Amino acid sequence: MPDLLQSLKRSDLSYLQIVAGLWGIELEALDARQALNVLVPALLDPALVREMVESLTAEVRLALDDLIQNRGRLSWPMFTRRYGLVREMGSGRRDRDRPYLKPVSPAEVLWYRALVARAFFDTTDGPQEFAYIPDDLLGLVPPGGAAVPTSLGRAATPAERANLVPITDRVLDHACTLLSALRLGLAPDEIAALGNSWKAFPSFSLLTPNSLQALLTAASLLDEEGIPRPEPTRLFLEASRSEAIAQLFMTWLESSTFDELRLVPTLRVEGVLDHDPVRPRKMILEFLSTISGGVAGSERPFWSLPAFVEAVRYSHPDFLRPTGDYDSWFIHHLGRGEFIRGFEHWDEVEGALIQYFLTGPLHWLGVLELAVPQLQAYVSAFRFSAWAANLLSGKTPAGLALENEGALARSDARLLVPRLVPRTVRYQLARFCAWEGEEDGVYRYRITPASLERARMQGLTVTHLLSLLRRYAQPLSPSLVKTLEHWERKGTEARFQRLVVLRLASPDMLNTLRTSRVARFLGDPLGPTAVIVQAGAVEKVLAYLSEIGYLGEVDTEEKVSRI
């Protein structure tokens, strides 16, 4: 950082005279350059510095100590949010209003005593404006009050940690379900409905098919059209559960395409942002690493989520927007139906994003356990899980279940596939079946002519399906084997159809219709007084019957016309 002389070089003579007066230094100079030659050595007198610092009020000293504890500098927006504004004014107005006699903030007190300066410095995110203590002055300021606590936030209260929400590896099962659904080409509304059965995740953890699809895309498991890539998908599904969850975690950690800000359910981000998703993600992990007895400790204490968010707001509010620009992003708050700009909406954007990080990806992927109060309305606490140390160091977690269960293939062509059947097997079975949902960790499928035909069009055969069933669904029903082999030879030999049936009072009426101009709308007879009618021709047949003296009605529930 610049020294005191460099910091004051651009100051006008009037400002330098104000500084000298507040320090009790006699200054008789004709210009700023001459004033600096006298003022700077005097301001760097250790005894005078100590005297000046000791004269500060507790509130002003707190601002000075905060700068010292941050190596002498804070971003200017953060400094002024914490310690108030320094009013902008030219030398004429300053001489007239004399703001240094009635400062409006601790920041202004320090400014007019030259204990804090303002300048742009280069950072990894480009030039940013900072409040700072000049280097040579920083070393002379005597130690002040208590240090800022290293841990962000505080331990959770018993009420905040009342009910544990443990980690699970169910994200792997849901990933298999989603990959299967995308491979089958399910419609978007069917894909969205998959999340309705993801009961392992409470509503606040926010795992949805949309967020999981974004993660699988970041892991290069999906192509540009959202279809699973065969080889990466095979390797992912064949990996052990420990390896697979570690793969997803590292994908999330390093991905610049998975953007949590666009997945927060209360927000909609519009347009292109000058925003790197990796930076805030790693900063949140850095903030979490400050928790005493956290990931490396044996206790793994529960930590208050609201207190953690508030501590980040105070200490590192610009973690998402390092330039401190809270006005240029177009963020729509869905609950209120309006765009929100300005630092006053920090809780609704940055605060919501932190909660999404902790209750979303860090929970789905096994790093954080959560806790809720008795009413279970919201997440109130979190702690590092038993898997966290390994995941955060790039290793696989221990203790995940083996995928060694078998499936059940019923004689009615329904398959019941528990979640610990190998995921690669469930993925392959799903390609031959229609999806019927999931309940209590058991996935339900049905083999239908349409699903077999779809599989055949993708180059799959019934022989392949039977091979899977014989290996993973023993004992296999002989009748199901016979049915599948028969379909392979003959195709579909039974079909249900919805028909419109016209029932008449007598055979003579049917004969009359058979010889009339509406005969072309009639199909096969279903007896002496009933006949199939083309669905789009019901009104034409009714009109003709009215012409020849018969009134009819349409039973819309049963799709039957009566005379």
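Helices (H or I, at least four residues) and strands (E, at least two) are DSSP runs, numbered from the N terminus. In helix 6, Trp-76 and Phe-79 are 3 residues apart and are therefore separated by about one helical turn. The structure described here is a predicted model, in which local features need pLDDT of at least 70 and side-chain atom pairs count only at pLDDT 80 or more, while totals for chains, interfaces and linings use all residues. Residues are numbered from 1 along each chain as its sequence is written, and side-chain values use heavy atoms, with hydrogens and water left out.

A pair of aromatic rings is described by the distance of the centres and the angle of the planes. Rings of Phe, Tyr and Trp (its six-membered ring) pair if their centres lie within 6.5 Å; planes under 30 degrees apart count as stacked, over 60 as edge-to-face and the rest as tilted. By this rule, 17 aromatic pairs are counted. The rings of Trp-76 and Phe-79 have centres 6.0 Å apart and planes at 45°, so this pair is tilted. Both residues belong to one aromatic cluster, together with Tyr-15, Tyr-83, Tyr-100, Trp-111 and Tyr-112. Trp-76 is buried (under 20% relative accessible area, against over 50% for exposed and in between for partly exposed; 1.4 Å probe, protein chains only), with a relative accessibility of 7%. Phe-79 is likewise buried, at 0%.

Helix 6 (residues 76–83) also packs against helix 5 (residues 58–69), the axes coming within 11 Å and crossing at roughly 155°. Helix 5 is therefore roughly antiparallel to helix 6. Axes are lines fitted to C-alpha atoms, for helices over the stretch in contact, and angles run from 0 to 180 degrees between N-to-C directions; under 35 degrees counts as roughly parallel, over 145 as roughly antiparallel, 65 to 115 as roughly perpendicular and the rest as oblique. In this contact (heavy atoms within 4.5 Å), Leu-62, Ala-63, Asp-66 and Leu-67 of helix 5 meet Phe-79, Arg-82 and Tyr-83 of helix 6.

Val-425, Gln-428 and Leu-429 of helix 20 meet His-464, Leu-465, Leu-468, Leu-469 and Tyr-472 of helix 22.

Elsewhere, Gln-17 lies in helix 2 (residues 13–23) and is partly exposed, with a relative accessible area of 40%. The C-alpha atoms of Gln-17 and Leu-85 are separated by 22 Å, the two residues being 68 residues apart along the chain.
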